[in-house]
Amino acid sequence: MAEIQFIHRLREESIPKVQLTRSRDGSTGTATFFFENPSIFSNNIAQEGEIKGLILVDAEGSLTSGDVNARFINGKPTSIEAVYIMKSPETWDRFMRFMQRYSDENGLTFTKANNNL
C-alpha cells in the first residue's frame, strides 16, 4: 500500500506528475508534485476536512510536507503543486522507496532527464 493524501486517511485519486532534483553530492533533493484536477477539489471530498499538507503513506509510515499550493482559474481550484524536500541521503532513500511502491501500484515509470544540455 502506497498512497498520497491531503486530508488524513483520505486517498487522493489523481496521479501526479513528479519532478525530482538532487544536489550534485547527493546530500539533498526536492520532489515537486503536480496534480491536475485533483479529487480533493470535488464537493463530496471537500466536506471531509481541510487540507493538512502533502502526506505520503506506505508500509513504512508517512512522509509529510506543508508546502502545498493550489492554482485557481476564474475563482475555481484547478491544480495543486506540492514540494517535498529531502535534507539527507537517508531521507532521499526513504522517499525513493515510497515512490517505487507508489509507481508499482499505479503503473508509473521513471524517465531520467538528459543532463547533456
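Phenylalanine 98 and tyrosine 102 are separated by about one helical turn because they stand 4 residues apart in helix α2 (helices are DSSP runs of H or I with at least four residues, strands runs of E with at least two, numbered from the N terminus). The model is predicted, so local features need pLDDT of at least 70 and side-chain atom pairs pLDDT 80 or more, whereas totals for chains, interfaces and linings use all residues. Residues are numbered from 1 along each chain as its sequence is written, and side-chain values use heavy atoms, without hydrogens and water.

The whole structure holds 5 aromatic pairs (rings of Phe, Tyr and Trp, the last by its six-membered ring, with centres within 6.5 Å; planes under 30 degrees apart are stacked, over 60 edge-to-face, the rest tilted). Two of the pairs are listed below.

| Stacked pair | Centre to centre | Angle between planes |
|---|---|---|
| Tyrosine 84 and phenylalanine 95 | 5.7 Å | 20° |
| Phenylalanine 98 and tyrosine 102 | 5.7 Å | 20° |

Tyrosine 84 in strand β8 (residues 76-86) and phenylalanine 95 in helix α2 are 11 residues apart, and their pair links distant parts of the chain. Ring pairs also join Phe6, Phe33, Phe35, Tyr84 and Phe95 into a cluster. Phenylalanine 98 is buried at 0% relative accessibility (buried is under 20% relative accessible area, exposed over 50%, partly exposed in between, with a 1.4 Å probe and protein chains only). Tyrosine 102 is likewise buried, at 2%.
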